[in-house]
Amino acid sequence: MSKIAVVFHSVCGNTYLMAKAYADYLKEQGEDVALFRVKDDTFEETSLRFESSRAYREEILKLPVVGSGKDLTDYDALFLGSPTYYGCVSAQMKAFMDSFCDIWVDALMSGKYFGCFATSGDLYGGSELCMQVMNAFAQHMGMINLSVPCNIGGAPQPAYGITWATGPMSDQRMTEDTVTAIRRYLDHVLPFIHSKA
């Protein structure tokens, strides 16, 4: 059994649903999983602005907030999820990644496994760029990137991580094909994570 953290930022609920799909399947596989959200001082207000975000607002608010990178040094693997904002991670996710500066010098995340996922309005909304930002962050931490192989099945995915297009109003929820891709991807990477645990 490995100790795995799934950390996400979500406003409209889509990245949360992806994070939950990761955490739920990892738990089904017997892993020790923690699901965290990043700090978002505006979430309680902004989540009321959109119909799509109100649907999962209360569920998200009940989840623990991860303080900083220091809180994750005991984990064997980390999966990060962010909405795509102009081809990059959200400001809240960037602030969380920047919190790792306190542990970067001592390389406390070095050798741990890393994967990521992202949502965007459409397939051309920059989610690959967003995931490249998260993968570059992991490389700076000395983590081992778990890329997505081309033969995992389910909805086709880029090598950088799992992505989902949510539509212009962010109200198109994940299809079963995307859930299948998440599960098959985790089936692929868990043996690597177990070798580290």
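Author: Residues are numbered from 1 along each chain as its sequence is written, and side-chain values use heavy atoms, with hydrogens and water left out. In this predicted model, local features need pLDDT of at least 70 and side-chain atom pairs count only at pLDDT 80 or more, while totals for chains, interfaces and linings use all residues.

Reader: Why is the contact of Lys94 with Asp98 called a salt bridge?

Author: A salt bridge is a side-chain nitrogen of Lys or Arg within 4 Å of a carboxyl oxygen of Asp or Glu. The closest N and O atoms of Lys94 and Asp98 are 2.7 Å apart, so the pair meets the rule. By this rule the count comes to 7 salt bridges.

Reader: What separates Lys94 and Asp98 in helix 5?

Author: They are 4 residues apart in helix 5 (residues 91-98), and therefore about one helical turn lies between them. Helices here are DSSP runs of H or I with at least four residues, and strands are runs of E with at least two, numbered from the N terminus.

Reader: Why is Lys94 called partly exposed?

Author: Buried means under 20% relative accessible area, exposed over 50%, and partly exposed in between (1.4 Å probe, protein chains only). Lys94 has 37%, so Lys94 is partly exposed. Asp98, at 40%, is partly exposed as well.

Reader: What parts does the salt bridge of Lys70 and Asp102 tie together?

Author: The side chains of Lys70 and Asp102 meet at 4.0 Å, N to O. Lys70 lies in the loop between helix 4 (57-62) and strand 3 (77-83) and Asp102 in helix 6 (residues 101-104), so the pair ties together parts 32 residues apart in sequence.
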